[in-house]
Amino acid sequence: MIVFLTKKGLSDEKVLVLNASFYPLGVSSWKKGVLLVWKKKAEIIEYNGHFLREDIRLPCVIRLNRNIFLPYKEVALTRKNVIARDQNTCQYCGKKSSNLTVDHVIPKSRGGELVWENVVAACQSCNLKKGNRTPDEANMKLLRPPRKPKVPSNFLEVIRCAKNQYQEWLKYIPKKYFS
């Protein structure tokens with residue numbers, strides 16, 4: 001099946017960029033992916049069935065011709081990363097949403113710190129219900145205890161994209177990052 005994408009449809013397309021050793025480096029826009037292939041700095045490993053023009057297939061996965069060294073960087077504690085860690089799911093009621101807040105399990109006013117192990121994604125109604133109390137005091141249970149992500153920072157978007165819309169990427173991501 002050939003799918004031609006309009007300019008609007010193309011804006012969301014992503015490309016998984018692999019090192020020469022097939023280790024995932026990160027996610028790129030389709031434009032950068034096509035440019036790297038055109039400049040012969042990368043080769044196309046997989047297509048996803050989308051076409052820019054009749055003669056130009058959009059890559060889904062590309063592999064760089066040379067290895068790039070990326071130092072391990074821990075994941076920054078940001079609202080976006082907390083929600084990504086919790087897979088866009090309220091950790092109290094289990095509702096998936098794109099409009100989540102970040103809740104301190106032990107409220108800041110009670111000495112709760114801004115650390116990975118004390119923050120969770122929560123829907124607005126659960127966050128209001130819990131208020132300035134601990135989950136036990138509010139008679140609310142966490143779906144799972146919060147923890148610091150084990151993945152390097154460049155992997156969060158790779159894993160999120162792979163789980164949500166790019167299933168063909170999963171075979172390139174080390175299994176240890178799925179827990």
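1. Terms first. A residue is buried under 20% relative accessible area, exposed over 50%, and partly exposed in between, using a 1.4 Å probe and protein chains only. By that rule Lys171 counts as exposed, at 59% relative accessibility.

2. Ground rules. This is a predicted model, where local features need pLDDT of at least 70, side-chain atom pairs count only at pLDDT 80 or more, and totals for chains, interfaces and linings use all residues. Residues are numbered from 1 along each chain as its sequence is written, and side-chain values use heavy atoms, with hydrogens and water left out.

3. Overall layout. The protein chain has 5 helices and 7 strands. These are DSSP runs numbered from the N terminus: helices are H or I with at least four residues, strands are E with at least two. Along the sequence the pattern reads β-α-β-β-α-β-β-α-β-β-α-α. The C-alpha atoms fill a box of roughly 60 × 35 × 25 Å along the principal axes.

4. Of the 179 residues, 41% count as buried. A contact means heavy atoms within 4.5 Å. Among contacts with a separation of 6 or more, 61% come from residues 24 or more positions apart.

5. Salt bridges. The structure holds 5 of them. Each is a side-chain nitrogen of Lys or Arg within 4 Å of a carboxyl oxygen of Asp or Glu.

6. Lys171 and Glu46. Their side chains form a salt bridge at 2.9 Å, N to O. The pair links distant parts of the chain, 125 residues apart: Lys171 sits in the segment after helix H5 (153-164), Glu46 in strand E4 (residues 42-53).

7. Asp103 and Lys130. This salt bridge spans 3.3 Å, N to O. Asp103 belongs to strand E6 (residues 101-104) and Lys130 to helix H4 (residues 124-130), so the bridge ties together parts 27 residues apart in sequence. Both Asp103 and Lys130 are buried.

8. Arg110 and Glu137. Here the side chains meet at 2.7 Å, N to O, in a salt bridge. Arg110 lies in the loop between E6 and strand E7 (119-122), and Glu137 in the loop between H4 and H5, so parts 27 residues apart in sequence are tied together. Arg110 is partly exposed, with a relative accessible area of 44%. Glu137 is also partly exposed, at 43% relative accessibility.
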